[in-house]
Amino acid sequence: MTPFSPWLRLEQVTAANVDAACALLVRPEQNGFVAPVVKSLADAYAHGSHAWPRLVFDRDQLVGFVMGSFDPRSPVEAFRCGIWRLNIAAEHQGRGYGRFAVAAICAEARSRGERQVSVLWLPGRHGPEWFYLNLGFRPTGEVIYGQVAAELRLA
């Protein structure tokens, strides 16, 4: 894998950037596969102690949103450490921003002492399955809320 641009970074959602975050849109055919950022931010507010929402920037350009979930006491293994949401703006897809966001979640997980990261996806033609499989995630065989559960072991 090639190294990421030094211009890529994550930022917390703030009063100064929340409107831009909520305006971020994925491709229309992906709408049924990932919740909009505004829904994710509501979930983050409701689950504040476990949610880790971040914006993805390339220089000063907002290109995406990612939200991790860190709840080591969850009775559901897939919810203990994972990627809860990943939205890359339609016009910025295919440039490595999603890979960067996943790598950032993995780095945060490692810093918390975690050994694996989970993700759930809805199966379907325009869903993110190929993306996560290409990053090394492997289905666990479990289906949660109609979504395929997968995990990535951290080195």
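Student: Where is the place of Leu133?
Tutor: Helices are DSSP runs of H or I with at least four residues, strands are runs of E with at least two, and both are numbered from the N terminus. By that rule, the place of Leu133 is in helix 4. This is a predicted model, in which local features need pLDDT of at least 70 and side-chain atom pairs count only at pLDDT 80 or more, while totals for chains, interfaces and linings use all residues. Residues are numbered from 1 along each chain as its sequence is written, and side-chain values use heavy atoms, with hydrogens and water left out. The element asked for is therefore, under the DSSP rule, helix 4.

Student: Is Leu133 buried, partly exposed or exposed?
Tutor: Buried means under 20% relative accessible area and exposed over 50%, with partly exposed in between (1.4 Å probe, protein chains only). Because the relative accessible area of Leu133 is 25%, this residue is partly exposed.

Student: Which residues does Leu133 touch, not counting those up to four places away in sequence?
Tutor: Contact means heavy atoms within 4.5 Å. With residues up to four places away in sequence not counted, Leu133 touches Trp121, Arg138 and Pro139.

Student: What phi does Tyr145 have, and is Tyr145 buried or exposed?
Tutor: Tyr145 lies in the loop between strand 6 (138-144) and strand 7 (147-153). With phi near 50°, Tyr145 has a positive value in a residue other than glycine. Since its relative accessibility is 70%, Tyr145 counts as exposed.

Student: Which residues does Leu154 touch beyond four places in sequence?
Tutor: Leu154 lies in the segment after strand 7, and because its relative accessibility is 14%, Leu154 counts as buried. Not counting residues up to four places away in sequence, Leu154 touches Cys106, Ala109, Arg110, Glu114, Arg115, Gln116 and Val117.

Student: How many disulfides does the structure hold?
Tutor: A disulfide is a pair of cysteine sulfur atoms within 2.5 Å. Cys81 is in no disulfide, and the nearest cysteine sulfur, that of Cys106, is 7.9 Å away. Cys81 is buried at a relative accessible area of 3%, and Cys106 also counts as buried, at 5%. The number of disulfides is zero.

Student: How far apart are the end C-alpha atoms of helix 3?
Tutor: The expected span of a helix is 1.5 Å times one less than its number of residues. Helix 3 has 15 residues and should therefore span 21 Å, which agrees with the distance between its end C-alpha atoms, 21 Å.

Student: What volume does the largest pocket have?
Tutor: On a 1 Å grid over the protein atoms alone, a cavity is a set of points where a 1.4 Å probe fits but cannot get out, whereas a pocket is an open set with protein on both sides within 12 Å along at least five of seven lines; lining residues have an atom within 4 Å of a point. Grid points are joined across faces, edges and corners, and a volume is the space filled by probe spheres set on the points. For the largest pocket, the volume is about 1100 Å³.

Student: Which residues that line the largest pocket are the closest to its centre?
Tutor: The largest share of the lining, eight residues, comes from strand 4. Of the 44 residues that line the largest pocket, the closest to its centre are Val34, Arg85, Leu86, Pro128 and Tyr132.
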